[in-house]
Amino acid sequence: MTSEPTSARGRDAILGASTALGIELGSTRIKACLVDGEDPSLVLAVGSREWENELVNGVWTYSLESVWSGLQAAYAALAADAERRHGVRPETFGAIGISAMMHGYLAFDDGGELLVPFRTWRNTTTGPAAAELTGLFGVNIPLRWSIAHLHQAVVDAEPHVPQVRFCTTLAGYVHWRLTGRKVLGVGDASGMFPIDPATKGYDAELMARYDDLAAGRVPKLVDLLPEVLAAGQPAGELTADGARLLDPTGTLKAGVPLCPPEGDAGTGMVATGSVFPRTGNVSAGTSIFAMIVLERPLAGVHHELDLVATPAGDPVAMVHCNNGASELAAWAGLFGRFAAASGSPLDADAVYGALFAEALAGEADAGGLLAYNYLAGEPITGLEQGRPLVVRTPDSRLTLANFVRAQLYGVFGTLALGMRVLAEEGVGMDRLFAHGGVFRTAGVAQRFLAAALDAPVSVAETASEGGAWGIAVLAAYLRAVQGAGRAGAGGRSGATDGAGLPGADLGIWLSERVFGGSPFETADPRPEDVAGFAAYLERYRAGLAVERAAVDAIGVKGANARKGATA
């Protein structure tokens, strides 16, 4: 990815609306990314706004007011950046895409009013519903999936349930408000309800089973869930009201086409070009997850694994961990404050750089230290709540190098447990890519992830800002496909002759039009690191008893006393 195209080219692209805008609402930042629609590897402008979830009455949530204030701030920052770089402020775009964290529960009545505060993917109070649905469907339904949240509300007979007329994800909600259309990209939809790989829509048989189970309590799912669309399909246009929501200054014009809204897992696959079978990616942020595109169905049902889909609808095995790099960031903040207090202040990148460099000097097994990054519950290890911990024995070696290495290993600990289940299923990988802010410091987190998974890990220039760029690329793909469909005659809609041309398979288009000349840095697993991490992971698995004891013994301010309580 090239982030500094010539000003003249950028100005021409912005004035000619040959651009694609992507906006992703991540767990800690809302990011906007503008790319050249003809060459999405060229980034024309960026903008962002930090935000944080809140624990309200035991529920992890974001207010809808913060959604819109954050979107407006990120968009304004992008528009200002475009004007600074290219001397022109965007008034329209070739296409727009919206992405956000997957799963969770946003339920609306027939007037479009939110019935209960947004319940994010971090909430793990849906155990009874998830277990019942897993048995009913014969496929794993994780705690964070939207259908689990809906059914838990049904099981608990929450007062709002009789009024529910529409459920969606965060990306689906924003897209709906911008366009008036209740749709979802198939990747995001696959985190609401199981997808049929043949139809690339919701599994009709499983929908019928649920309708029978919940009859008389909620409407049929076909009336509750968004329509499912694949990458390249038109998903509506920006309305006048939507344009004002995104840009209150009134500069942005209505009529811009939007691609199907996607989840952060789908944009991570696109941002790393990991949409072919036997390719995969690891995305590290507030959560951490691995996505492996399958070449055959899994043999069994595993609570550690989700079955989701690429933005084109192909089946994917997902190992999702609720806890990622947030605890590591908290420690980096502490060390940054120490540097400032000592009279030698460092910016955040310098703090991470110094700590990560020190970690390389640590012992291969982190000197006997353990670090748990469990700020929230972790379904893979059976924990409904989390308590961040640092644990060591009297004979461990407490050094800064070992401490930081233990924290980095802790980011990948639960992921490694889940990935071992995939390995036991015989799932093969030819390529594994990583992206997320933790990989910005070259050669450290990437090396430790290679050790954790005992597999080569590649990182591209897109590693730190993949999501917003990924949905911008999907918006550019819509523009290419629809442009080809308008230009073509006869033939299949959106198709042209020749592999790699607009309208061709998403994977081919990404390979030839986006990643053709992109360099990747690959870290091979080092035997000493692999052995060290394996020793660490055995202690990590055994030490989960300490984590469970901490959850039982130490309460959290603001959490409901009753397990499974809902707002």
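Which residues in helix 11 meet which residues in helix 12?

1. **Helix 11 against helix 12.** This is a predicted model. In helix 11, the residues that meet helix 12 are Leu328, Ala329, Ala332, Phe335 and Gly336. Their counterparts in helix 12 are Val351, Tyr352, Leu355 and Phe356. The two helices pack at an angle of about 105°, and their axes are 10 Å apart. Helix 11 is therefore roughly perpendicular to helix 12, since angles of 65 to 115 degrees count as such. By class, eight residues of this contact are nonpolar, one is polar and none is charged.

2. **Helix 13 against helix 17.** Helix 13 covers residues 400-424 and helix 17 covers residues 527-553. Their axes come within 10 Å and cross at roughly 80°. That makes helix 13 roughly perpendicular to helix 17. Helix 13 contributes Arg405, Ala406, Tyr409, Gly410, Phe412, Gly413, Thr414, Ala416, Leu417 and Arg420 to the contact. Helix 17 answers with Asp529, Gly532, Phe533, Tyr536, Leu537, Tyr540 and Arg541. The residues of this contact split into nine nonpolar, four polar and four charged.

3. Five strands form an open sheet in the order 3-2-1-6-13. The pairing is mixed. Strand 3 (43-50) and strand 13 (262-263) are the edge strands. Each has a single partner strand, so one side of each lacks a neighbour in the sheet.

4. **Helix 2 on the sheet.** Helix 2, residues 64-86, packs on this sheet. It touches strand 1, strand 2 (29-36) and strand 3. The direction of helix 2 makes about 145° with that of strand 3.

5. **Pairing inside the sheet.** Strand 1 (residues 19-25) and strand 6 (residues 95-100) run in the parallel sense, paired over six bridges. Leu21 stands opposite Ile96 in strand 6. Strand 2 and strand 3 are antiparallel, joined by seven bridges. Here Lys31 stands opposite Ser48 in strand 3. A hairpin of six residues links strand 2 to strand 3.

6. **The largest pocket.** What volume does the largest pocket hold? About 1200 Å³ of space lies in it. Its lining has 41 residues, with Thr28, Arg29, Ala284, Gly285 and Gly437 nearest the centre. Two or more lining residues come from each of strand 2, strand 14 (279-284), helix 11 (326-341), helix 12 (348-359) and helix 15 (466-487). Helix 11 gives the most, with seven residues. By class, the lining has 15 nonpolar, 17 polar and nine charged residues.

7. **The second largest pocket.** This pocket holds about 530 Å³ of space. It is lined by 28 residues. Nearest its centre lie Val139, Ile195, Pro197, Leu307 and Pro315. Strand 16 (residues 306-309) supplies the largest share of the lining, four residues. The lining divides into 17 nonpolar, six polar and five charged residues.

Note on methods: Residues are numbered from 1 along each chain as its sequence is written. This is a predicted model: local features need pLDDT of at least 70, side-chain atom pairs count only at pLDDT 80 or more; totals for chains, interfaces and linings use all residues. Side-chain values use heavy atoms; hydrogens and water are left out. Two strands pair if DSSP finds at least two bridges between them. Contact means heavy atoms within 4.5 Å. Axes are lines fitted to C-alpha atoms, for helices over the stretch in contact, and angles run from 0 to 180 degrees between N-to-C directions. Angles under 35 degrees count as roughly parallel, over 145 as roughly antiparallel, 65 to 115 as roughly perpendicular and the rest as oblique. Ala, Val, Leu, Ile, Met, Phe, Trp, Tyr, Cys and Pro count as nonpolar, Asp, Glu, Lys and Arg as charged, and the others, Gly among them, as polar. On a 1 Å grid over the protein atoms alone, a cavity is a set of points where a 1.4 Å probe fits but cannot get out, and a pocket is an open set with protein on both sides within 12 Å along at least five of seven lines; lining residues have an atom within 4 Å of a point. Grid points are joined across faces, edges and corners, and a volume is the space filled by probe spheres set on the points.
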